[in-house]
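Please keep the structure in view while working through them.

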Amino acid sequence: MSSDADVAQEATRRRTFAVISHPDAGKSTLTEALALHAHAIAEAGAVHGKGSRRGVVSDWLDMEQSRGISITSAALQFTVDDVVLNLLDTPGHADFSEDTYRVLSAVDCAVMLLDASKGLEPQTLKLFEACRARRTPVITVINKWDRPGQEPLALLDEIQDRLGITPTPLNWPVGIAGDFRGVVNPQTGGMTQYTRTPGGATLAGREELDADEAARRHGVDWETATEELDLLHSSGQVHDQETFLAAMTTPVLFTAAVLNFGVAELLDTAAQIAPPPSAWVDVEGTARPVDADFSGFIFKVQTGMDRSHRDRVAFMRVCSGKFERGAVLTHAATGRPFPTKYAQSVFGRERETIDEAFPGDVVGLVNAHALNVGDTLHAGPAVTYPPLPRFTPEHFATARIRDTGRSKQFRRGIEMLDQEGVVQVLVSDRRGAQSPVLAAVGPMQFEVASHRLQHEFGAEIVLEPLSYALAQRVSAEAAPTVDRTHGAEVLERTDGVLVALFVNRWRLGSVAADLPEGSLMPMLGSGEVLGT
Ligand code: G4P
């Protein structure tokens with residue numbers, strides 16, 4: 001048995017984070033480079049499944065492979081010095097889904113990865129908002145500095161102006177975007193010079209130069225870099241741990257992930273300044289310290305990861321205490337015992353049995369049929385963490401089984417996808433149970449749902465998009481009136497919430513005007529929901 005002190009110590013050396021970025025900013029490349037630097041893998045290329053490289057970690061669904069997108073997420077763990085880094089993979093597709101938010105609910109810090117030539121892109125902004133709502137500290141990484149891009153000062157201004165968060169550079173690039181020589185290292189006052197290695201397949205060459213040597217070798221580029229950094233520092237844009245943790249400032253680093261430039265700096269930064277796990281607050285508002293009895297939160301459920309076993313993996317973030325495989329925990333939602341014999345670490349296709357885990361770690365519980373997203377497992381005194389919010393859907397379609405002989409499989413599949421949060425499921429007497437309305441935050445959720453129903457449940461569906469664009473919660477009193485209105489409809493979500501759909505804002509406005517105040521209420525929006 002380990003003592004509370006051991007657990008506290010293990011928690012203190014954990015850093016649990018996710019990379020948020022717009023597709024193509026280099027998330028997969030950076031993940032691979034981070035793992036390489038942490039010596040988790042011998043050569044870059046073992047993680048990322050693109051091109052000729054060996055795909056091990058992500059892209060395991062057929063659909064993902066054919067489209068080169070990563071829809072699923074799990075966690076990669078590696079150790080740097082004495083710090084254990086848990087990197088949670090967020091879905092990489094352009095579309096926006098609830099799944100990404102769930103992953104963000106399980107991290108203590110985010111790395112916002114920008115493409116130097118593009119700056120802030122739509123997906124980055126949405127994900128940043130999700131972090132802001134949870135007050136998650138964000139480290140900014142400006143990637144692809146080996147390619148022509150924007151001025152570094154302009155990129156920092158954009159962060160300040162559009163995100164309202166003050167960027168505080170931890171280093172500064174020597175050489176314009178497209179000519180990345182190295183970085184000013186404010187700790188030494190000198191320069192870390194990078195050299196390329198063929199294909200970026202091994203660690204990048206690094207050389208520490210003092211200021212004189214840097215000036216001699218890099219002349220005006222060195223001067224420009226030091227002047228710009230001085231300018232920022234003198235205007236107060238200096239890293240401050242307190243404002244960073246309060247998500248008011250964001251430290252900034254520059255990388256060329258494909259060349260492994262700047263990646264070591266990111267690892268060191270994550271190890272040094274990213275916050276360790278802290279006490280989670282339960283539904284009663286009570287904080288459970290990290291060294292209390294075991295508790296964990298299910299932030300994601302995934303079925304069909306292993307075709308041959310038709311399994312269902314529930315991903316649990318350890319919130320407090322020590323997880324020991326084989327222990328029988330309590331499922332807070334039902335009070336039933338939950339045995340943890342099949343606990344694994346899962347990243348893409350790679351799986352390993354996990355025997356123990358500490359706060360901040362992610363455990364994949366295999367064949368966890370009783371567990372749903374938002375559930376709590378615990379030992380000792382009971383605890384229930386607040387469930388994850390559902391998001392306001394913006395896309396709606398009816399789903400119908402093509403072959404009515406497969407109705408049973410269809411119903412089971414829909415129920416499963418609903419529980420996993422792949423889509424929200426809305427039903428009404430009028431439409432009947434055989435024709436539910438699927439509601440999604442982004443339309444790709446429909447594709448995923450349809451693909452999975454067909455391939456995992458043998459239930460091919462016909463999806464008919466509906467012309468609704470807005471959803472509101474509606475009171476039981478007002479529901480019949482709204483349902484009778486042209487251009488509107490009321491359905492029930494599986495959690496019992498009555499949802500009114502409207503074709504447009506105008507229709508919503510006119511319906512609302514005729515109803516008593518409070519009859520229609522906004523569903524939770526992406527920005528506000530995750531606030532604690
Ligand atoms: P994502 O997961 O965020 O979607 O991005 P991913 O890592 O797949 O990178 C997208 C493209 O950007 C890839 O090129 C990748 O090689 C490239 N890239 C990533 N980081 C850097 C960088 O620091 N510098 C440069 N120049 N390129 C970078 P691709 O041609 O789409 O794929 P691939 O065939 O190279 O794998």
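The axes are lines fitted to C-alpha atoms, for helices over the stretch in contact, and angles run from 0 to 180 degrees between N-to-C directions. The model is predicted, so that local features need pLDDT of at least 70 and side-chain atom pairs count only at pLDDT 80 or more, while totals for chains, interfaces and linings use all residues. Residues are numbered from 1 along each chain as its sequence is written, and side-chain values use heavy atoms, with hydrogens and water left out.

**Exercise 1.** Classify the packing of helix H10 and helix H11, and state which residues meet.

Solution. Helices (H or I, at least four residues) and strands (E, at least two) are DSSP runs, numbered from the N terminus; H10 covers residues 407-420 and H11 residues 444-457. Their axes come within 10 Å and cross at roughly 130 degrees, and H10 and H11 are therefore oblique to each other. The crossing is right-handed, a term for the near helix being turned clockwise from the far one by less than a right angle, anticlockwise being left-handed. With contact taken as heavy atoms within 4.5 Å, the H10 residues Gln409, Phe410, Arg412, Gly413, Ile414, Met416, Leu417 and Glu420 meet Ala449, Arg452, Leu453 and Phe457 of H11. By class, this contact has seven nonpolar, two polar and three charged residues, where Ala, Val, Leu, Ile, Met, Phe, Trp, Tyr, Cys and Pro count as nonpolar, Asp, Glu, Lys and Arg as charged, and the others, Gly among them, as polar.

**Exercise 2.** Repeat the analysis for helix H4 and helix H5.

Solution. H4 (residues 98-105) and H5 (residues 122-134) pack at an angle of about 40 degrees with their axes 10 Å apart, which makes H4 oblique to H5. The crossing of H4 and H5 is right-handed. On the H4 side, Thr100, Tyr101, Leu104 and Ser105 meet Lys126, Leu127, Ala130, Cys131 and Arg134 of H5; the residues of this contact divide into five nonpolar, two polar and two charged.

**Exercise 3.** Give the strand order of the seven-stranded sheet and identify its edge strands.

Solution. Two strands pair if DSSP finds at least two bridges between them. The open sheet has the order E2-E3-E1-E4-E5-E11-E6, with mixed pairing, and its edges are E2 (75-80) and E6 (166-169), each of which pairs on one side only. Neighbouring strands are turned by 30 degrees against each other on average, direction ignored. E6 runs parallel to E11 (residues 249-254), to which four bridges join E6, and proline 169 has valine 252 in E11 as its bridge partner. Helix H6 (residues 152-163) packs on this sheet, touching E4, E5, E6 and E11, and its direction makes about 145 degrees with that of E6.

**Exercise 4.** How many salt bridges does the structure hold, and which parts of the chain does the pair of aspartate 108 and arginine 317 link?

Solution. A salt bridge is a side-chain nitrogen of Lys or Arg within 4 Å of a carboxyl oxygen of Asp or Glu, and the structure holds 25 of them. In the pair of aspartate 108 and arginine 317, the closest N and O atoms are 3.1 Å apart. Aspartate 108 lies in the loop between H4 and E4, whereas arginine 317 lies in strand E15 (residues 312-320), so that the pair links distant parts of the chain, 209 residues apart.

Technical notes. Angles under 35 degrees count as roughly parallel, over 145 as roughly antiparallel, 65 to 115 as roughly perpendicular and the rest as oblique.
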